[in-house]
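Please keep the sequence and the structure in view while reading.

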Amino acid sequence: MVSAGLRDGLAARLAAAERSGVPIGPLTTEHPGLDVVDAYEIQLINIRRRVRSGARVVGHKVGLSSLAMQAMMGVDEPDYGHLLDDMELSPDRPVRTADYLCPRVEVEVAFLLGADLPGADCTEADVLAGTAAFAPALELIDSRIENWSIRLCDTIADNASSAGYVLGRERVAPGDIDITAIEAVLSRDGNEVARGRSDAVLGNPATAVAWLARTVDRFGVRLRAGDVVLPGSCTRAIDVLPGSEFTADFAGLGAVGLRFE
């Protein structure tokens, strides 16, 4: 664990890297004593700063929700970050690649909550009962750490490497589709670059959302009606280049696209 003053300083460095487009070195290399509690506190410092500046929390994202990613990071549970209203992107407007450091695209099935979820005792059944609809989504991830050279505490401090998200127009009720069996194909400039199935996310994306509800409850936070929850990617992340155009097609759930300039 590190001091409160150092947490403030590391949060400021991450915020400066995001503003300037100049990445910083891994926090965990410079400060080996940094732990998960420190990392979440650093994340919250920057989220609170953005909220004070006018942003609004509209949901959360789950990261490290595939077993392969957990094994790579040497952890046995996911992590999470915040979604703010100023992170929402539009499928109708190109995204400026220059506004990000090293962006990548991930394929997600978004949960749109229609009711508040329980906290410490939240189950997959509670998640499905509280979900108004699923929606096709892409998450734009980015790292303020140079060359994506991250360990667990680096990505947690950096808002779980989240940078933006876009929702497709389609909405499907939980009772109308099997959340564990949604096939997804990601194309870049018309060529397939990744494919996966929704059960790549902990065997069931609802498991990731239930984990999130239980975890944030420890910090006095609840997942509320109207929130957007991204449970994790069912494909590998794909690098973004200026001029790229991505489309994700979901079996039974529609499609979502994002263009970059």
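This is a predicted model: local features need pLDDT of at least 70, side-chain atom pairs count only at pLDDT 80 or more; totals for chains, interfaces and linings use all residues.

## Arg13 and its partner

The side chain of Arg13 meets that of Glu30 in a salt bridge, with 2.7 Å from N to O. Because Arg13 belongs to helix α1 while Glu30 belongs to helix α2, which covers residues 27-30, the pair ties together parts that are 17 residues apart in sequence. Glu30 is partly exposed as well, its relative accessible area being 39%.

## Other salt bridges

Another salt bridge joins Arg50 to Asp86, where the closest N and O atoms are 3.1 Å apart. Arg50 lies in helix α3 and Asp86 in the loop between β2 and β3, so this pair ties together parts that are 36 residues apart in sequence. Arg50 is buried, with a relative accessible area of 18%, whereas Asp86 is partly exposed, with a relative accessible area of 48%. A further salt bridge is formed by Glu192 and Arg195, whose closest N and O atoms are 2.9 Å apart. Here Glu192 is partly exposed at a relative accessible area of 45%, while Arg195, at 53% relative accessibility, counts as exposed.

## Helix α3 and its surroundings

Helix α3 runs over residues 36-52 and has 17 residues; from its first C-alpha to its last it reaches 24 Å, which is close to the 24 Å expected at 1.5 Å a residue. At the start of α3, a side-chain oxygen of Asp35 comes to within 3.2 Å of the backbone nitrogen of Val37. Just after the helix, Gly54 takes a positive phi of about 120°.

Which residues of α3 are buried? They are Asp38, Ala39, Tyr40, Ile42, Gln43, Leu44, Asn46, Ile47 and Arg50. These buried residues pack against α1 (4-20), β1 (57-63), β2 (79-84) and α6 (152-157).

## Arg7 in helix α1

Arg7 is found in helix α1 and, at 15% relative accessibility, counts as buried. Leaving aside residues up to four places away in sequence, Arg7 touches Met1, Val2, Val37, Asp38, Glu41, Ile42 and Ile45. Of these, Asp38 and Ile42 are also among the buried residues of α3. Arg7 and Leu34 are 27 residues apart in sequence, and their C-alpha atoms are 9.1 Å apart in space.

## Aromatic pairs

A search of the whole structure finds four aromatic pairs. One of them, formed by Phe111 and Phe134, is edge-to-face, with 4.9 Å from centre to centre and 80° between the planes. Since Phe111 lies in strand β3 (residues 104-113) and Phe134 in strand β4 (residues 131-141), the pair ties together parts that are 23 residues apart in sequence. Both Phe111 and Phe134 are buried.

Phe246 and Phe260 form an aromatic pair that is likewise edge-to-face, with 5.9 Å from centre to centre and 85° between the planes. Phe246 lies in strand β10 (residues 245-250) and Phe260 in the segment after β11 (254-259), so the pair ties together parts that are 14 residues apart in sequence. Phe246 is buried, with a relative accessible area of 0%, and Phe260 is buried with a relative accessible area of 4%. Elsewhere, ring pairs link Tyr40, Tyr80 and Phe219 into a cluster, and Tyr40 is one of the buried residues of α3.

## Cysteines

A disulfide is a covalent bond between the sulfur atoms of two cysteines. How many disulfides does a search of the whole structure find? The search finds zero. As for individual cysteines, Cys102 counts as partly exposed at 31% relative accessibility, whereas Cys234 is buried, with a relative accessible area of 9%.

Terms used. Residues are numbered from 1 along each chain as its sequence is written. Side-chain values use heavy atoms; hydrogens and water are left out. Helices (H or I, at least four residues) and strands (E, at least two) are DSSP runs, numbered from the N terminus. The expected span of a helix is 1.5 Å times one less than its number of residues. Buried means under 20% relative accessible area, exposed over 50%, partly exposed in between (1.4 Å probe, protein chains only). Contact means heavy atoms within 4.5 Å. A polar contact is a pair of N or O atoms within 3.5 Å; within protein, one must be able to donate a hydrogen and the other to accept it, and residues adjacent in sequence count only if both atoms are side-chain atoms. A disulfide is a pair of cysteine sulfur atoms within 2.5 Å. Rings of Phe, Tyr and Trp (its six-membered ring) pair if their centres lie within 6.5 Å; planes under 30 degrees apart count as stacked, over 60 as edge-to-face and the rest as tilted. A salt bridge is a side-chain nitrogen of Lys or Arg within 4 Å of a carboxyl oxygen of Asp or Glu.
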